[in-house]
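Could you walk me through this fold, from the overall layout down to a few side chains?

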Amino acid sequence: MSQHNYQILMISGSLKMGSINTAILKGLTLLPGKEMNMEFRFYNGLSELPHFNPELDTEHAFEAVDHFREQLRSSDAVIICTPEYAAGVPGTLKNALDWIVSSGELMNKPVAAISASPSMEGGAKALESLVLTLRMIDVRMFSGGVVSIPLMNRNKLGPDGEVIDSELRLTLLGILNALHIELGQL
């Protein structure tokens with residue numbers, strides 16, 4: 001009997017090459033996701049989404065929006081990792097979420113929200129903003145799935161993206177374990 005493999009969509013809120021937030025998501029994929037029947041894929045189209053305009057939010061109005069919505073529909077869960085820009089989430093991430101408010105691809109879907117920053121606060125304001133938006137669109141928030149990572153730097157990750165910092169590794173494993181439990185309850 002084959003077990004279901006959960007499809008997990010990873011979204012980095014940063015467009016920056018070499019982003020710490022993207023690196024964290026890549027590090028997550030190197031943790032024991034296979035043991036939890038998780039397959040990870042990245043959504044890399046934030047920069048391709050047009051500025052949200054509710055008057056243009058019609059079926060098949062934009063190929064990039066259709067692709068984003070399909071990526072969300074075909075996933076069992078989503079993990080978002082965001083930096084903090086000007087005390088909030090980056091505009092490109094907020095724009096992407098605005099495109100799915102009325103279409104509902106994330107409604108009742110488990111979503112883990114992570115912020116990471118070199119600061120002591122770990123991007124807490126961005127995380128708070130992200131969580132407010134996610135609650136507005138009725139995602140399944142779950143215990144252990146909302147995490148701020150303070151004092152994040154490249155020294156916590158190895159050259160191939162593996163998580164070498166023990167505290168960060170435990171934090172990320174906690175997110176995966178919490179998500180695995182949540183997916184098992186669906």
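The report below starts with the whole chain, moves on to the sheet, and ends with some individual residues.

**The chain as a whole**

Please keep in mind that this is a predicted model. The chain holds 5 helices and 5 strands, and from the N terminus on they follow one another as β-α-β-α-β-α-β-α-β-α. The radius of gyration is 16 Å, close to the 16 Å that the globule rule gives for 186 residues, so the chain is as compact as a globular protein of that length. The C-alpha trace spans about 50 × 50 × 30 Å along its principal axes.

Buried residues account for 50% of the 186 residues. The chain exposes about 9,500 Å², and carbon and sulfur atoms supply 53% of that area.

Now to the strands. Five of them make an open sheet in the order β2-β1-β3-β4-β5, and the pairing is parallel. At the edges sit β2 (38-43) and β5 (146-149), each of which pairs on one side only. From one strand to the next, the twist averages 20°. Helix α1 (residues 20-29) lies across β1 (6-12), β2, β3, β4 and β5, and runs at about 160° to β1.

Inside the sheet, the pairing of β3 (residues 77-82) with β4 (residues 111-116) is worth a look: these strands run parallel and share 5 bridges. V78 stands opposite V111 in β4, while T82 has S115 of β4 as its bridge partner.

How many residues of β4 are buried? The count is 6 of 6, so β4 is largely enclosed by the rest of the structure. In a regular strand, side chains alternate between the two faces of the sheet. For β4, the buried residues on one side are V111, A113 and S115, and those on the other are A112, I114 and A116, so to speak a cover on both faces.

**T82 in strand β3**

T82 belongs to strand β3. Its relative accessible area is 0%, under the 20% cut-off, so T82 counts as buried. Leaving aside residues up to four places away in sequence, T82 touches G13, N21, V89, P90, L93, I114, S115, A116, A126 and L130. Among these contacts are I114, S115 and A116, which are buried residues of β4.

**Aromatic pairs**

A pair of aromatic rings is described by the distance of the centres and the angle of the planes. The count here comes to 3 aromatic pairs, and two of them are set out below.

| Pair | Type | Centre to centre | Angle between planes |
|---|---|---|---|
| Y43 and F68 | tilted | 4.7 Å | 45° |
| F62 and W99 | edge-to-face | 5.7 Å | 70° |

Y43 lies in strand β2 and F68 in helix α2 (residues 63-73), so this pair ties together parts that are 25 residues apart in sequence. Y43 and F68 are both buried.

The pair of F62 and W99 also links distant parts of the chain. F62 sits in the loop between β2 and α2, and W99 in the loop between α3 (91-98) and β4, 37 residues apart. Together with F52, F62 and W99 form one aromatic cluster.

Where does L49 lie? L49 is found in the loop between β2 and α2. With a relative accessible area of 8%, L49 falls under the 20% cut-off and therefore counts as buried. Not counting residues up to four places away in sequence, L49 touches Y43, A64, V65, F68, N95, A96 and W99. That list includes Y43 and F68, which form the tilted pair, and also W99, which belongs to the aromatic cluster. L49 and L93 are 44 residues apart in sequence, and their C-alpha atoms are 9.8 Å apart in space.

Conventions. Residues numbered from 1 in each chain as written. Predicted model: local features only at pLDDT ≥ 70, side-chain atom pairs only at ≥ 80, totals over all residues. Heavy atoms only, no water. Pairing = 2+ DSSP bridges. Helix = DSSP H or I, 4+ residues; strand = E, 2+ residues; numbered from the N terminus. Axes fitted to C-alpha atoms, helices over the stretch in contact; angles between N-to-C directions. Contact = heavy atoms within 4.5 Å. Rg over C-alpha atoms; globule rule 2.2 N^0.38 Å. Buried < 20%, exposed > 50% of the residue type's maximum accessible area, 1.4 Å probe, protein only. Areas by Shrake-Rupley, 256 points an atom, 1.4 Å probe, with all protein chains shown as cover. Phe/Tyr/Trp six-rings, centres within 6.5 Å; stacked < 30°, edge-to-face > 60°.
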